[in-house]
Amino acid sequence: MNVLLCSLIVLIVSGVFAFSLNRCVKFANGMGAAGAVTACVVGLGALFAVYNNPTAAVFSIPWAIPCGSFSLGADALSAVFLFPVFLLSALSALYGFDYLKHYYGKKNIGAAWLFYNLLVASMALVIMARNAILFLSAWEMMSVSSCFLVLFEGEKRDVARAGLIYLVATHIGTLFLLVMFILLGKESGSWDFAAWQGTRAGFGPSLIFLCALIGFGTKSGFVPMHIWLPEAHPAAPSHVSALMSGVMIKTGIYGLLRIMTFLGMPCAWWGYLLIAIGSLSGILGVLFALAQSDFKRLLAYSSIENIGIILMGIGLGVVGLSVQNSFLMVMGFAGGLLHVVNHAFFKGLLFLGAGAVYHETGTRKMDLLGGLLKKMPITGFCFLVGAAAICGLPPLNGFVSEFLVYYASFKSISGSTSLVFAAVGIITSLALIGGLAAACFTKAFGIIFLGETRTACGQNAHEAGVFMRLSMVILAVACIVIGLSAPLFIGVFARIIADVSGSPLSLIQLCLMEAGPPLISVVVMAVCLFIVVVLTVLLRRSFLSGRVITRFPTWDCGYARPDPRMQYTASSFAQPVVDFFKGVLRTQKQAVKITRYFPDSPSFKTETTDLFSETVFRPMLRSMRRFTGKLTWLQHGKLQFYILYIVFALVALFIWKL
Amino acid sequence: MPAKIAQFILVLTLSPFLFGVLNRTKAFFAGRKGSPLLQLYYDIFKLLRKGAVYSTTTTWVFIAGPVVSLSAVITASFLIPWAGHPAVIQFDGDIILFIYLLGLARFFTVLAALDTGSSFEGMGASREMQFALFAEPALFLSLASLARVTGQMSFSGIFSTGVINFWPVYGPVFFLVFGAVFIVFLAENSRIPVDDPNTHLELTMIHEVMVLDHGGVDFAYILYGAAVKFWLLGTLLAGMFLGASSRGWMMDSAVFILQMSVLAVIVGVVESTLARLRLLKVPHFLIIALALSAVAFILTMRS
């Protein structure tokens, strides 16, 4: 525990140093990155000790804040969420060191590192906090520091707008968390997590659960509370997007699981609700991802999809717990938790790859790019690994976690009626998500990296810096290694599932053991695949040896002047599916009508805005503004009066308490 | 074990033969004599002896396309039972891995197509992805019905229980599942009414246009991979009419090969008697498969 505290201190101190030494920009950049990497590596080292001996990992000092105590702890649940936080933060910091060089003299590098390190520290603090006030403070720190990072390029109009949307959305979420903590705290009279364990009766737990679902769901991007996510994630610098998409949104999942440990036996409908939200988030997330033309926005939407898959796993786990089907429970939770870790790796990897492309080409529009694999071979290869992993293709890590969720669903297919419908719903949604994700990521990789360069944007691109490449390669290797070694470490989740479900550890280990043979077979098949690939490659080589190999332009149907602009674009690739789902996607098309035989300036533009922000939130906020507009005289911007309000409020409270 | 090796080798050697049967059937309906039964073998051997021409646009992804696709399909063949006898490798949940291995093959075929930078191939890739989107859930749902009825979670489990014995009780379920899987089978193997393997115009092709720039060994791999995939998915259809294996391996195998040939004849008849659907109608056709499999699943809930 002390080591973990040290790493937090290193993070904060190095951030402050980087900020204060901003005048020497190279030093600030190095200081911030080195601090983050050191702290995270130290933290990673401490995690193994923490996992093996969770009872020793507690730390508590009194705190002057009312009801608060600075109590930290790290059990197995915390350790598993801390692992991706530290790993991805270290790699993103490494990457950011190269990435931010581009902004020397243009941006405040020191401030960027201060907020980055604060973000990492606050995420770790959220996961380790054992007191509601501390949790909320850390939560707030996380939201605010990430909001400042989103505003890194705040002079751009759309970035400023994204930051504002994020700030508002995250605080609406926090509001629900506040209500939830008050409900929990009022019942037990304490704000320490330790006092909250135990079963409750009546509507209380369900109400708390719903508050948690909305509050944490806003942070995690459950549909329909996701609207801030596709705005804020693309706007941030790429190493921050990787961190936000890869791990920050998972703090919501962590919070949900943590709260569930306090609520005792869950109701079955919680699980069904989670599954329903999960499949909705999964399908809509990937559908909107497919319709995007900005590749970072595409990745942001795909995070919503993956949160959906995680939720489906956890939902199955909750259903399994409530119907006393321990195998289903274990597989569901294990699949969901493994996907939390996996998604951190491949989404981090994809965002870093996307950042390298943006860094080199200066655009996020896929249709302007193309042919980058020749210029950026390593970035391209890593992006391909990430794309295959996120589609859940074997033998990579994404397959293993989806396999567990599928496996649990297939196992419960002969159970009771409601369970069967949940299982079939999950199977069908996962299959649909798989197909859509494959379309989405063949599009992303194919249009950005394959073919010919479409415009001048990519002409001068070259391979990313050495640290950027290093962090991407490490993540790509991690995706492959997890895919091949899943049976070895799946047992890690046993203790977490025991904590969340309150079931005996031995039972859970028994269930996990049952999943061993299929997982081992999957690995055997992966090895078979590898051997067959090697054999076919060797065979191909022996057939081609001594034969003539020539190079010639692509078959152009006899057309004399092929042009790179004639290539299929991202929007045309996605058009059949986007058109098919037009009822949901509502893609707007703007085209100049062609009237003459030789049109001079034809143009065509498509844009897919978010369904929920257009049809639900915008009208809602508009009517809210009509009402609150009448209260603007209260908010005049004079600080003295604001302080007066506080005094009045305090006096009123005192009088009420008298 | 020798039987397993034998059945693996038989799948790899016999699968191009089915295309010969299929083409003969089509030729019969067209009043032609048709190509030899072993034509695909000749084609593959001819292609294997050729050199290669690569587009100046392409990268290693173009070459990886056929290699990974063929490897994924061959690896998937480890999971498919033979004539009611268990597959080389079987485990609970191999259904999932099988479908995802076919997904891996598709993923790389599509990327190889996009690597050429040709609009035609982009078009084919886009369509392939769109159709797979509907075919995959239908296949999953159909297999879920079979899993529920037989109480098994692996291909070998499902297809070695003597599926034909379930027909009297679960007739409607099996009938619908057969319909759904047959539609998926036609779509995945680019057959009429979804795709026409003999079409001449690049604009109307789906699968063929994606491999337009492949030649020589690469194209041989693609043709061979398509043949093996045809066999594997066909096994799911033929397997629904298998009795419990009792007549010994040799006899079972002979019956099974006959069944597969009948399947090829049926596909030939379908191809000869149906017109190709308009591209915009293909998703509707595939949604029929999804609907059939959903209804089949609901029917399994009856008892």
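Of the contacts in chain A with a separation of 6 or more, 80% are made by residues 24 or more positions apart. This figure, like every other given here, is computed from a predicted model.

Taken along the principal axes, the box filled by the C-alpha atoms of chain A is roughly 90 × 65 × 50 Å. Of the 658 residues in chain A, 58% are buried. The accessible surface of the chain comes to about 26200 Å², and carbon and sulfur atoms hold 70% of that surface.

Attention may now turn to the aromatic rings. Rings count as a pair if their centres lie within 6.5 Å, and by this rule there are 56 aromatic pairs over all chains. One of them joins Trp196(A) and Phe262(A): the ring centres are 5.4 Å apart and the planes stand at 85 degrees, so the pair is edge-to-face. The cut-off behind that label is an angle of over 60 degrees between the planes. Trp196(A) is placed in the loop between helix 6 (157-188) and helix 7 (204-220) of chain A, whereas Phe262(A) belongs to helix 10 (residues 250-262) of chain A; the pair therefore ties together parts that are 66 residues apart in sequence. Both Trp196(A) and Phe262(A) are buried.

A further aromatic pair is formed by Phe445(A) and Phe449(A), which are stacked, with 5.2 Å from centre to centre and 25 degrees between the planes. Here both partners lie in helix 17 (residues 417-449) of chain A, 4 residues apart, or about one turn of the helix. Phe445(A) is buried, as is Phe449(A).

In chain B, aromatic residues also come together in a cluster. Phe19(B), Phe166(B), Trp167(B), Tyr170(B), Phe174(B), Phe178(B), Phe182(B), Phe185(B), Phe230(B) and Phe241(B) make up this one aromatic cluster.

Rings in chain A also meet charged side chains. Arg364(A) lies over the face of Tyr358(A), 5.9 Å from the ring centre. In another such arrangement, the ring of Phe327(A) has the charged end of Lys411(A) over it, at 5.6 Å from the centre of the ring.

Note on methods: Residues numbered from 1 in each chain as written. Chains lettered and ligands numbered in written order. Heavy atoms only, no water. Phe/Tyr/Trp six-rings, centres within 6.5 Å; stacked < 30°, edge-to-face > 60°. Helix = DSSP H or I, 4+ residues; strand = E, 2+ residues; numbered from the N terminus. Buried < 20%, exposed > 50% of the residue type's maximum accessible area, 1.4 Å probe, protein only. Lys NZ or Arg CZ within 6 Å of the ring centre and 35° of its normal. Contact = heavy atoms within 4.5 Å. Areas by Shrake-Rupley, 256 points an atom, 1.4 Å probe, with all protein chains shown as cover.
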